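Hi,

Here is the structure I promised to pass on. Have a look at it first, and then read my notes below.

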Amino acid sequence: MRRALFVRVNRVVNVVVRRLGLRRFRGGDLLLLTTTGRRSGQRRTTPLLHLARDGGWLVVASNGGADWEPGWWLNLRAGAPATVEVDGRAVPVRGEEVTGPERERLWAELTDRVFDFDSYQAKVSRRIAVVRLTPTTG
C-alpha cells in the first residue's frame with residue numbers, strides 16, 4: 001500500500017512540475033526524462049535533477065529515497081526508448097549505469113554540486129545507481 005501511494009503522489013508531483021515549467025529544483029537543474037513502460041507500453045515523463053556532462057547528462061536513480069528502483073530506470077535497463085527534454089529541446093537517449101571508481105567519483109560530484117544524495121543512500125538498502133544518459137541518433 002505504501003509503495004502504491006508513493007507512486008501515485010510522485011506521478012502527481014511530476015505533472016505539476018511539468019505544467020509549471022520548472023527548470024530548477026532544490027538548487028539543481030531539472031531535465032524531463034520520458035521513457036516507455038517495459039510492461040505497460042505507456043510513456044511517462046519524470047523530472048530529474050541532473051549534471052550536464054560530455055554532451056549527455058548524469059542522473060541518480062534515487063527515487064526520492066524510496067527503497068526500490070524507479071520505474072524510469074527499470075525501463076531504461078530493459079532497453080526502452082527514452083527522450084530527454086532540456087532547454088526546450090528533445091533528444092533521444094539511452095541510459096547506462098556508471099560503475100566502479102568512475103561511479104564513486106561522479107557520485108561525490110553529484111552530491112556536492114546537485115543534491116545531497118548521500119541522505120537518500122543512508123535511508124535505503126539498495127545501492128543507488130548513477131545513470132549516464134547519452135544522446136542517440138534515433
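What follows is a short tour of what turned up, from confidence to cores, rings and charges.

First, the ground rules. This is a predicted model, where local features need pLDDT of at least 70 and side-chain atom pairs count only at pLDDT 80 or more, while totals for chains, interfaces and linings use all residues. Residues are numbered from 1 along each chain as its sequence is written, and side-chain values use heavy atoms, with hydrogens and water left out.

On confidence: pLDDT is the predictor's own confidence in each residue, on a scale from 0 to 100. The protein chain has a mean of 86, and 80% of its residues reach 70 or more. Helices (H or I, at least four residues) and strands (E, at least two) are DSSP runs, numbered from the N terminus.

Now the inside. A nonpolar core here is a set of buried Ala, Val, Leu, Ile, Met, Phe, Trp, Tyr and Cys residues joined through side-chain atoms within 4.5 Å. Buried means under 20% relative accessible area, exposed over 50%, and partly exposed in between (1.4 Å probe, protein chains only). The largest core has 17 residues, and Leu31, Leu33, Trp72, Val131 and Leu133 have the most contacts inside it. Strands S2 (28–36), S4 (56–60), S5 (82–86), S6 (89–98) and S7 (130–135), plus helix H2 (71–77), each supply at least two of its residues. A second, separate core of 16 residues includes Leu106, Trp107, Phe115 and Ile128.

Next, the rings. There are 4 aromatic pairs: rings of Phe, Tyr and Trp (its six-membered ring) pair if their centres lie within 6.5 Å, with planes under 30 degrees apart counted as stacked, over 60 as edge-to-face and the rest as tilted. Trp72 and Trp73 have ring centres 6.4 Å apart and planes at 55°, so this pair is tilted. Both are buried. Phe115 and Tyr120 are also tilted, at 5.2 Å and 45°, and both are buried. Ring pairs link Trp107, Phe115, Phe117 and Tyr120 into a cluster.

Finally, the charges. The structure holds 9 salt bridges, meaning a side-chain nitrogen of Lys or Arg within 4 Å of a carboxyl oxygen of Asp or Glu. Which residue does Glu109 pair with at 2.5 Å? That is Arg53. Glu109 sits in helix H3 (residues 100–113) and Arg53 in strand S3 (residues 43–53), so the bridge ties together parts 56 residues apart in sequence. Glu109 counts as buried at 19% relative accessibility, and Arg53 is partly exposed at 24%. Glu109 also forms a salt bridge with Arg113, at 2.8 Å; the two lie 4 residues apart in H3, about one turn of the helix. Arg94, Glu96, Glu102 and Arg132 are linked in a network of salt bridges.

Cheers
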